[in-house]
Amino acid sequence: MKVIIVGGVAGGASAATRMRRLSEDTETILFEKGEYISYANCGLPYYLGGVISDRERLIVTKADLLRDRFAVDVRVKSEVIAINRSMKTVTVQDAAGGRTYEESYDKLLLSPGANPRVYDLPGVHSKGIFTLRTLTDTYAIDDFINQKSPKKAVIVGGGFIGIEMAENLKERGLDVTLVEFMDQVLTFLDKEMVIPIHQNLRDNGIRLCLGAGVKSFLPMPGTGADENALTPMDLTLTNNLHVTADLVLLCTGVVPDAALAVNAGLTTGAGGCILVDDLFRSSDPDIFAVGDAICVTSMISGKDVMIPLAGPANKQGREAAEIILFGEVKRPAGKSARKVQGSSVVKIFDQIAASTGFSEKQLQKEGIAFQKTIIHPSSHANYYPNATNMSMKLLFSPDGKILGAQAVGYDGVDKRIDVIAAVLRMGGTVYDLEELELCYAPPVSSAKDPVNMIGFTAANILKGDVKAFYPEQVNDLIAAGAVLLDVSTPDERAMGGIPGSLTIPLDDLRERVSELSKDKPLYVFCRVGQRGYIAARYLTLHGFDVYNLSGGYRSYNLLRQEEKAMKNDLEKMQQDLPVMETASGAAGAATAAAPAAPAAKAISVDACGLACPGPIMKVAAGIKDLASGEILHITATDPAFASDINVWCERTGNTLLSVQREKGIFTVDIRKGDAPAAAAAGAPGQIVSSGNDKTMVVFSGDLDKAIAAFIIANGAAAMGRKVTIFFTFWGLNILRKSTHVRVKKNLIEKMFGFMMPRGAKKLGLSRMNMGGMGAMMIRGIMKNKNVQSLEDLIKAAMDSGVRVLACQMSMDLMGIKEEELLEGVELAGVATFLGSAETSDTNLFI
Ligand code: FAD
């Protein structure tokens, strides 16, 4: 049998070698229109970035090897320009020999791949504008950079190749702007998953322009006269902003290279791809096709689609060889390499993003019913050094079948998606993920691997153990007046929370459950979703209607941060500000600060693997052991740490010297106190006094006066002022717990205790109280106007470091015991209050 193969890279070369391994009787001719066969197109960006320095290494298999070892007649620089189906011949244009000739076949296999998509825009064919598909393209870009020394590159399109090229051109020293029409890069991922990638690109000095495309590429006025000189271009975007570029790379997707097949009258399908059956037969039974140019069947939707990836192309080539020789593949019916799930992975500087199956967007578009869960697990056991954090998302059908998974992080991201991809391929469910027995030792995993964990959370949703709500719903819930409950610790809450949410730390929930009403559903959240789940279970078992925030505050906050970051990107574009590079993937403005001069003492703290507030608590504990001016050196992997540490340092008067990130590990240096003298004024971890503190004496136990006091206190604390409130006489009632506390009291004390209001909820108005009606009305109005309740104001004040002092003398007089007061209230004498008043510029008596 004589077989002709068109295309000598992924699909074509795989088919040629497999065919020889299965048969010695076949005559195989492989035509490749380019100069090289079997080269590593996936490695091309890394050659341009200098990671792969040797051109030779990009050639996976040389033509000679195919000729000598596999007896394949390889003909490079030979383009098949026509298929003559009736004659069973192809017409070949031999560029090297300068001739055109016919070659006959018994069977023909097409693996011509896909071409970069180039939109017909003004100036799109100008000098300095490139696409990247082949080695020849690669060398052209390389030569351009070497010879013309461009400074500014614009990548158009944020898919795999665009992202890889952004990274590699940056590594090559160019100033890179990435323009993407959608509001996110890597559209195979869902928006919330891609936000850490946007952050990473920005941190690495890539200027992002999302939500805009390029309208035209025109030479900058006054340039272009000199043929050999670099010609800077002015790119006009669809949002009418302008970007200048010396080099442009078009990465706007690919289109199947199906012209040969179309001209031969073969049937095409989705996106103009060659239509084949599960045996890779085209509409002509003697012509087969594989790779990027064919329609594959989506494993999720069952529809014909184009999925241009190297893995499927190679496997299809291998399978097609067997089919061409034997008419079938020996395997159970229904299995075929033409069924593709689209597993893919990409590196973004030190980060990895991977996915398999459908994203949420795709499921919505196809109208496929699904459920979802998001978790933020660690790459391996937290107690073993250098555990890094990852975000994972699982999409599954209402009966548990896996439909897709995505993960973004550092170590072990690809491993987790590969495992889920295997289960998806086998038609598995979330229950299979729960049961999977995966290898475990602390340096590489956890006894409950992230794959098991995401299976557990998905199964919990399906079994009805917990109802989930999602970050994108939060704003609507707030607008609808839903009750959101934060069960994070006060330290975590101090780093941020959903506006208007109640706060009861998980460990206080049993004691304070009476503060919650069963009238409305409760929307519970913690930082990443795990303690929210525990709270949700507890509250559900106590008759509440509860929803847990999937992915927790971290996922919600990512969405909010992204809105701000996109606005910032746009503002920078408008002002045409230069790209700010932060050293080696650094993580924030603080990185620009010069490292501290060596201090007398420095201590190192390892908080890797700890989730928020673990790293911050370690910082607070570590700083206590230092004298002012000494350095705390801390490593952490919690992704929120970079922003948390900024806030913490601001609030505590310590100086953030530097934040570096490498492979998901933050390395942070903090100098205790912003100056030796200033540090001495404040207790470690406390807001430092600056002479404009605020003090208050709260004598009254009236609701309206208490609200006023705490609104002022919260406002002052938000301005970074140190606030101390001294509660005396009737004011002490504000600080009482609302629940009855068993304490020993004499008769008079008991009578006093009975007559006085127990806590903030029971206070009356100073005027128009009307037997408690007025107080109820004012609470209702506050709720409608989204003003925090007095209980929340007290909590918020204490969370933000307001010192709440209870006058010991008044407590003794009124028979109020320490156990009856809210957690965090300090018992104090007048000297403590006066000490605070001395550094204060405002003192109120309420
Ligand atoms: P190709 O490998 O493109 O081979 C087709 C060959 O056919 C070409 O060499 C072409 O010159 C030749 N040809 C076309 N028409 C004719 C003709 N008429 N006569 C003779 N020869 C012809 N995929 C991944 O999964 N992971 C990655 O990381 C990844 N990175 C990539 C990076 C880059 C820069 C590029 C360009 C692609 C990348 N891909 C990646 C995609 C992957 O390379 C393709 O999916 C895969 O190569 C497709 O194989 P194929 O055989 O269909 O086509």
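## Threonine 89 and its surroundings

Let's start at threonine 89, which is in contact (heavy atoms within 4.5 Å) with Ala82, Ile83, Asn84, Glu102, Glu103, Ser104 and Tyr105, once its neighbours within four places in sequence are left aside. This is a predicted model, in which local features need pLDDT of at least 70 and side-chain atom pairs count only at pLDDT 80 or more, while totals for chains, interfaces and linings use all residues. Residues are numbered from 1 along each chain as its sequence is written, and side-chain values use heavy atoms, with hydrogens and water left out.

Threonine 89 belongs to strand S5 (residues 89-94); strands (E, at least two residues) and helices (H or I, at least four) are DSSP runs, numbered from the N terminus. Is threonine 89 buried or exposed? Its relative accessibility is 11%, which counts as buried; the cut-offs are under 20% relative accessible area for buried and over 50% for exposed, with partly exposed in between (1.4 Å probe, protein chains only). Two of its contacts are also polar: the side chain of threonine 89 meets that of asparagine 84 at 2.7 Å and that of glutamate 102 at 3.0 Å. A polar contact here is a pair of N or O atoms within 3.5 Å; within protein, one must be able to donate a hydrogen and the other to accept it, and residues adjacent in sequence count only if both atoms are side-chain atoms.

## The ligand shell

Which residues come nearest to the ligand? They are Gly11, Glu32, Ser111, Asp292 and Ala310, out of 29 residues around it, each with a heavy atom within 4 Å of the molecule. Arginine 133 uses its side chain, with an N or O atom 3.3 Å from an oxygen of the ligand.

On its own the ligand exposes 990 Å², and the protein buries 89% of that (Shrake-Rupley areas with a 1.4 Å probe; for residues, only the protein chains shown count as cover). Helix H1 (10-22), strand S4 (78-84) and helix H8 (310-326) are the elements that give two or more residues to the shell. Strand S4 gives the most, with three residues.

## Salt bridges

The whole structure holds 44 salt bridges, each a side-chain nitrogen of Lys or Arg within 4 Å of a carboxyl oxygen of Asp or Glu. The pair of aspartate 449 and arginine 416 has an N to O distance of 2.9 Å. Aspartate 449 lies in the loop between helix H11 (430-435) and helix H12 (450-463), and arginine 416 in helix H10 (residues 413-425), so this pair ties together parts that are 33 residues apart in sequence. Both ends are hidden: aspartate 449 is buried at 3% relative accessibility, and arginine 416 is buried at 1%.

Aspartate 277 and arginine 281 also form a salt bridge, with closest N and O atoms 2.9 Å apart. Here aspartate 277 is partly exposed, at 26% relative accessible area, and so is arginine 281, at 33%. Another pair, arginine 512 with glutamate 515, has closest N and O atoms 2.8 Å apart, and glutamate 515 is partly exposed at 26%. Which residues are linked in a network of salt bridges? Asp190, Glu192, Glu360, Lys372, Lys393 and Glu472 are.

## Helix H5

Isoleucine 161 sits in helix H5 (residues 160-171) and is partly exposed, with a relative accessible area of 35%. It touches Leu132 and Cys251, not counting residues up to four places away in sequence. Between the C-alpha atoms of isoleucine 161 and serine 336, which are 175 residues apart along the chain, the separation is 28 Å.

Met768, Met770, Met773, Met777, Ile778 and Ile781 make a nonpolar surface patch of about 630 Å². Patches are made of residues with over 30% relative accessible area and no salt bridge; like charges are joined within 9 Å and nonpolar side chains (Val, Leu, Ile, Met, Phe, Trp, Tyr) within 5 Å. Isoleucine 778, one of the patch residues, is found in helix H23 (residues 773-784) and is partly exposed at 31%.

Helix H24 (residues 790-799) is largely enclosed by the rest of the structure, because eight of its ten residues are buried. Those buried in H24 are Leu790, Asp792, Leu793, Ile794, Lys795, Ala797, Met798 and Asp799. Just after H24, glycine 801 takes a positive phi of about 90 degrees.
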